[in-house]
Amino acid sequence: MLPFTELFINGRFVPSSTGETFEVRNPYTGAVVGTSASASSEDCKDAIEAAQQALKTWENSPLAQRRDIYLKAAELIMTEKYREKIFQAIREETAGSNELVMMNVAPVAGTLRAHAGLVESLRGDVYPSLTVPGAQVVARPRAMGVIFAIAPWNAPVTLALRAVSIPILCGNTAVLKSSEISPRSHSIVVELFKEAGLPDGVLNFVSMSRDSAPSLTSEIIAHPAIRHVNFTGSDRVGKIIAMEAAKYLKPCVLELGGKSPAIVLNDANISEAARSIVFSAMAHSGQVCMATSRVIAQRGISEQLLSEVKSLITNIKAGDVGNDKSVILGALFSPGSAENVVKMLKEAQAQGAEIISGDISRNGAVVQPHLVANVKCGMQIWDREVFGPALVYAVVDTIEEAIELANNTDYSLSASVWSKDLAVAQDVAARIYSGYANINGPSIHSEPVDGLVGLGGASGYGRFSIENFTHKRIVVTHPAGRKLPIVS
């Protein structure tokens, strides 16, 4: 019997009020691997109202209670029960590799523990008034209200957790909307928090079909109880979300696309750089927002680096990760996505780019790894996020050229710099316009406390941080008998 993913409203797993469902298919085989409840407008309202009701007590809950729930969740996620749930759901819904599964287990426990430690930041400050003698000021970060969180499919457990973890820790309540591609994977986060002791109504979960999602998403954003929206996904959809929120002056955190550059200088450790670049470019078949998409190599090491990168890429095979042990990469999330990658490769070749590795074709949703040289600004494959296993390669003479080329993009999410001279590397990293710049390490890296952040453009804006999910509220206690102008 196929798994069925239910909605989660006010502490209970329930079907859609209308009985509507949709199918979930494996992107490699095309086979139906599950069904999911498709929320109605009434279901979405019920989820928001449950969150609004729970807010009354949760925003005033003891910080120690919140911390203990997160520490319990960190323990649970590492049990065999949850490891098996995550493995099966991700493998079936996204055709993810073993590496992707592990990226959705081990980091989650660390993130939960790190977030548990952030409760200290919610204590606030107490200080004497600077202007009124004898008055006392209490300034505390307090909850904003009900948060609407929209999670993507490509790292379904880690990113669903990120969508709700900091907001809930801050005393907010949440309605989490899943991707129609991975509802079962996303619902694991809900189950995890429920088992860890999160009170009913604090976290609610809705899934919906692709056809109904646009209108229902707009309805949810418009609901007066929704105070904040966060979304992780494409810049195309991010713009729509931002415009909907702007109608009601609701703040957003948007983590969108990436086009991460890897600048490799003449004195870099070529072997280490090559390994890191290929990992960051090909992990999850390139379907990672922090994926290294553009290599910018200084001329002195460009041929050696290109040779090592090519050697590594040609040994990587995409296909059926479930049954073929020689396969490392899985399918892309849909045949349409694979077709888009192939289209961009063909267009680049027609414009003068050289295909160093790869066959410029697809087999269903499977695209083999590609390495493309002689790529220039203005080509789609340079300018736009590919979200597939395609790495482009450019050569420059000077560090200044490398920085200029790295910043010639509408994306601003992540980057890496490779040099044995740390002073030079730190200077270059500081001049790259990106939320993260990793020195001598992969572009796929962010810290759980600071979180990934785009600096605008197609990478979005805002950070999954306490500052973005709280209001600082000020309470001033005035002394008795204070003399006031006019009435004294």
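Trainee: In which hand does H10 pass H11?

Mentor: This is a predicted model, in which local features need pLDDT of at least 70, side-chain atom pairs count only at pLDDT 80 or more, and totals for chains, interfaces and linings use all residues. Residues are numbered from 1 along each chain as its sequence is written, and side-chain values use heavy atoms, with hydrogens and water left out. A crossing is left-handed if the near helix is turned anticlockwise from the far one by less than a right angle, and right-handed if clockwise. By that convention, the crossing of H10 and H11 is right-handed.

Trainee: How many nonpolar residues has the contact of H10 with H11?

Mentor: Contact means heavy atoms within 4.5 Å; among the residues that meet are Ile-270 and Val-278 in H10 and Leu-305 and Ile-313 in H11. Ala, Val, Leu, Ile, Met, Phe, Trp, Tyr, Cys and Pro count as nonpolar, Asp, Glu, Lys and Arg as charged, and the others, Gly among them, as polar. Besides 2 polar and 2 charged residues, the number of nonpolar residues in this contact is 10.

Trainee: At what angle do H6 and H7 pack?

Mentor: The contact includes Ala-160 and Val-164 of H6 and Val-189 and Phe-193 of H7. By class, this contact of H6 with H7 has 7 nonpolar, 2 polar and no charged residues. H6 passes H7 in a right-handed crossing. With axes 8 Å apart, helix H6 (residues 156–169) and H7 pack at about 55 degrees.

Trainee: At what angle do H2 and H7 pack?

Mentor: In H2, residues including Ile-69 and Leu-76 meet residues of H7 including Leu-192 and Phe-193. That contact divides into 8 nonpolar, no polar and 2 charged residues. The crossing of H2 and H7 is right-handed. The axes of helix H2 (residues 63–77) and helix H7 (residues 183–196) are 8 Å apart, and the angle is about 120 degrees.

Trainee: How many helices and strands are there in the protein chain?

Mentor: Helices (H or I, at least four residues) and strands (E, at least two) are DSSP runs, numbered from the N terminus. Along its principal axes the C-alpha trace of the chain spans about 80 × 60 × 40 Å. The protein chain has 15 helices and 21 strands.

Definitions and conventions. Axes fitted to C-alpha atoms, helices over the stretch in contact; angles between N-to-C directions.
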